[in-house]
Amino acid sequence: VQKLFALVLLPTLAAMSARKTKAFGVVLTATKFLWAPEDWPDPDKDRATVLTALVSDHFLDGRDLLTGVWLLVKLKLPCFAEFDDFFDLICDRIQALRLYCAQASHDQQCDVVRRLIRLAKTGDRQQRRSKFSSAAQLIERFGLDRRAFPEVARHKLACWLCYVVHRVPLSIAEDYTGGDAQLLALCVSQLARAGSTTSAAALYRRHEHSLRDLLLPDV
């Protein structure tokens with residue numbers, strides 16, 4: 001089977017990758033059908049080197065990334081000397097993250113989630129939203145302990161508050177903050193920017209001692 005992959009299937013996929021047709025999909029489907037976990041990694045080092053080179057050269061760019069990640073993960077190919085380099089390639093693609101985590105150990109899955117959280121904390125608003133969303137999806141999909149990642153739960157609560165603070169009585173939204181000053185400040189900001197100045201002012205007055213230094217000048 002490994003010889004078939006190295007001499008026929010992957011070279012054919014590589015040749016077709018520049019201009020994908022239905023034939024590419026057929027060959028890729030056949031490749032996935034013929035894959036079996038007990039066959040990999042390839043015990044023949046020379047053949048494994050050939051497979052690694054084919055995947056690295058043809059399938060780890062933006063266009064064929066998911067195909068490349070599937071091949072890399074399923075065939076257990078050492079395409080990257082450091083995991084950091086591989087993570088940088090897949091961190092913006094939730095499908096690629098799922099492919100990797102589906103074959104990873106529990107500790108490796110948790111490591112990926114922690115890396116996403118670190119990126120979320122240091123990124124801009126769009127990246128923060130994206131990375132926390134990916135982390136939440138992986139936690140849910142692979143049954144990881146939510147309590148181990150409180151930053152994700154907090155971000156989900158903050159997003160929910162942004163949505164619900166305009167739609168429920170103020171006391172309910174206030175209860176969900178648990179008295180957290182930053183979440184209260186978020187609610188005040190959302191209300192003020194939506195024009196609900198009366199509610200924003202009422203919430204601010206009830207927690208003025210906590211919120212005085214947290215709100216932006218425009219609020």
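P41 lies in the loop between α2 (22-34) and α3 (45-58), where helices (H or I, at least four residues) and strands (E, at least two) are DSSP runs numbered from the N terminus. This is a predicted model, in which local features need pLDDT of at least 70 and side-chain atom pairs count only at pLDDT 80 or more, while totals for chains, interfaces and linings use all residues. Residues are numbered from 1 along each chain as its sequence is written, and side-chain values use heavy atoms, with hydrogens and water left out.

**Backbone features in loops**

- A cis peptide bond, with omega of about 5°, joins W40 and P41.
- K76, found in the loop between α4 and α5, has a positive phi of about 55° although it is not a glycine.
- As background to both features, most residues other than glycine have a negative phi, and most peptide bonds are trans.

**Helix packing**

- The axes of α7 (residues 106-122) and α8 (residues 125-141) come within 8 Å and cross at roughly 160°; axes are lines fitted to C-alpha atoms, for helices over the stretch in contact, and angles run from 0 to 180 degrees between N-to-C directions.
- α7 and α8 are therefore roughly antiparallel to each other, given that angles under 35 degrees count as roughly parallel, over 145 as roughly antiparallel, 65 to 115 as roughly perpendicular and the rest as oblique.
- The crossing of α7 and α8 is left-handed, a term used if the near helix is turned anticlockwise from the far one by less than a right angle, with right-handed used if clockwise.
- On the α7 side, V112, V113, L116, I117, L119, A120 and K121 meet Q127, R128, K131, F132, S134, A135, L138 and I139 of α8, where contact means heavy atoms within 4.5 Å.
- The residues of this α7 contact with α8 divide into 10 nonpolar, 2 polar and 3 charged; Ala, Val, Leu, Ile, Met, Phe, Trp, Tyr, Cys and Pro count as nonpolar, Asp, Glu, Lys and Arg as charged, and the others, Gly among them, as polar.
- α9 and α11 pack at an angle of about 25° with their axes 10 Å apart, and they are therefore roughly parallel to each other, with a right-handed crossing.
- R154, L157, A158, L161 and C162 of α9 make this contact with Q182, L183, L186, C187 and Q190 of α11, and by class the contact of α9 with α11 has 7 nonpolar, 2 polar and 1 charged residues.
- α5 and α6 pack at an angle of about 140°, with their axes 8 Å apart, and are therefore oblique to each other.
- F83, F86, F87 and I90 of α5 form the contact with A96, L97 and Y100 of α6, which has 7 nonpolar, no polar and no charged residues.

- The largest pocket has a volume of about 780 Å³; on a 1 Å grid over the protein atoms alone, a pocket is an open set of points where a 1.4 Å probe fits, with protein on both sides within 12 Å along at least five of seven lines, and lining residues have an atom within 4 Å of a point.
- Of the 22 residues that line the largest pocket, R128, A158, C162, Q182 and L186 are the closest to its centre.
- α8, α9 (150-164) and α11 (181-193) each supply at least two residues of the lining of the largest pocket, which divides into 11 nonpolar, 4 polar and 7 charged residues.
- The second largest pocket has a volume of about 290 Å³, a volume being the space filled by probe spheres set on the grid points, which are joined across faces, edges and corners.
- Of the 14 residues lining the second largest pocket, L72, V73, L77, F86 and Y100 are the closest to its centre.
- α4 (65-74), α5 (83-90) and α6 (94-103) are the elements that give two or more residues to the lining of the second largest pocket, and by class that lining has 10 nonpolar, 2 polar and 2 charged residues.
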